[in-house]
Amino acid sequence: MAGLGNYGLRGTRHSVGMAVLDRLAQQLAVAEGWRAERQCCADVALATAHSLELLLLKPRRFMNLNGLSVASAAEIYSLRPEDIYLVHDDLDKALGKVAIKLGGSARGHNGVRSCISALHSNEMTRLRVGIGRPEGEVTVSSYVLAPFSTEEQERLEQVLAQAATFLLEHITRRRAPAGEPGNRG
């Protein structure tokens with residue numbers, strides 16, 4: 001799974017996908033296991049959950065180039081697009097709302113667009129994490145590149161935990177080996 005964002009701009013709304021993966025790494029007890037993977041220009045951590053091997057990836061690139069890291073990792077680790085989860089911010093959802101989207105268009109998200117282009121597929125599952133829309137005359141780019149407000153920060157810890165748990169539950173249900181609970185065929 002790939003947490004999309006701007007590597008040098010952690011803590012911003014646009015990098016909430018990376019924050020979700022950081023939280024998931026804590027839940028899976030691999031938070032100290034992140035390492036720089038030069039071949040795909042990303043930080044990676046390996047984890048196991050419910051007999052599933054998981055690759056957590058945070059691209060070390062700007063958002064509009066995240067797909068290059070995701071595609072390189074897919075090649076290195078023999079992953080198909082349908083095996084990949086993209087975790088990213090979503091302007092059309094309020095902070096605290098998370099949703100799974102199975103494939104489809106980028107819906108204007110440059111990180112997702114980059115992944116679709118680099119992988120030559122739109123079959124990746126997305127965990128969309130709501131960040132809300134800017135109010136007043138604030139531009140979208142200024143909004144997504146800004147840190148969360150003080151009020152949002154108070155809710156963010158709960159949002160990250162909820163998103164990480166939701167993601168892991170979805171993967172477990174979808175990818176459980178045959179014969180185990182959660183396998184849907």
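Helices here are DSSP runs of H or I of at least four residues, strands are E runs of at least two, and both are numbered from the N terminus. The model is predicted, so local features need pLDDT of at least 70 and side-chain atom pairs count only at pLDDT 80 or more, while totals for chains, interfaces and linings use all residues. Residue numbers run from 1 along each chain as its sequence is written, and side-chain values use heavy atoms, with hydrogens and water left out.

Step back into H3 itself (residues 110–119), and the buried residues are Gly111, Val112, Ser114, Cys115 and Leu119. Buried means under 20% relative accessible area, exposed over 50%, and partly exposed in between (1.4 Å probe, protein chains only). What do these residues of H3 pack against? They pack against helix H2 (66–76), E5 and E7, with contact meaning heavy atoms within 4.5 Å.

Now for the interior. In soluble globular proteins, nonpolar side chains tend to be buried together. The largest nonpolar core has 34 residues, and Met1, Leu54, Leu56, Val129 and Leu167 have the most contacts inside it. Such a core is a set of buried Ala, Val, Leu, Ile, Met, Phe, Trp, Tyr and Cys residues joined through side-chain atoms within 4.5 Å. H5 gives this core its largest share, eight residues.

On to the charges: the whole structure holds 12 salt bridges, each a side-chain nitrogen of Lys or Arg within 4 Å of a carboxyl oxygen of Asp or Glu. One of them joins Asp43 and Arg10 (3.7 Å, N to O). This pair links distant parts of the chain, with Asp43 in strand E3 and Arg10 in the loop between E1 and H1, 33 residues apart. Asp43 counts as buried because its relative accessible area is 7%, whereas Arg10, at 38%, is partly exposed.

Lys58 pairs with Asp22, their closest N and O atoms being 2.5 Å apart. Lys58 sits in strand E4 and Asp22 in helix H1, so this bridge ties together parts 36 residues apart in sequence. Both pairs belong to a network of salt bridges that links Arg10, Asp22, Asp43, Lys58 and Arg60.

Finally, Arg23 bridges to Glu157, with the closest N and O atoms 2.2 Å apart. Since Arg23 lies in helix H1 and Glu157 in helix H5, the pair ties together parts 134 residues apart in sequence.
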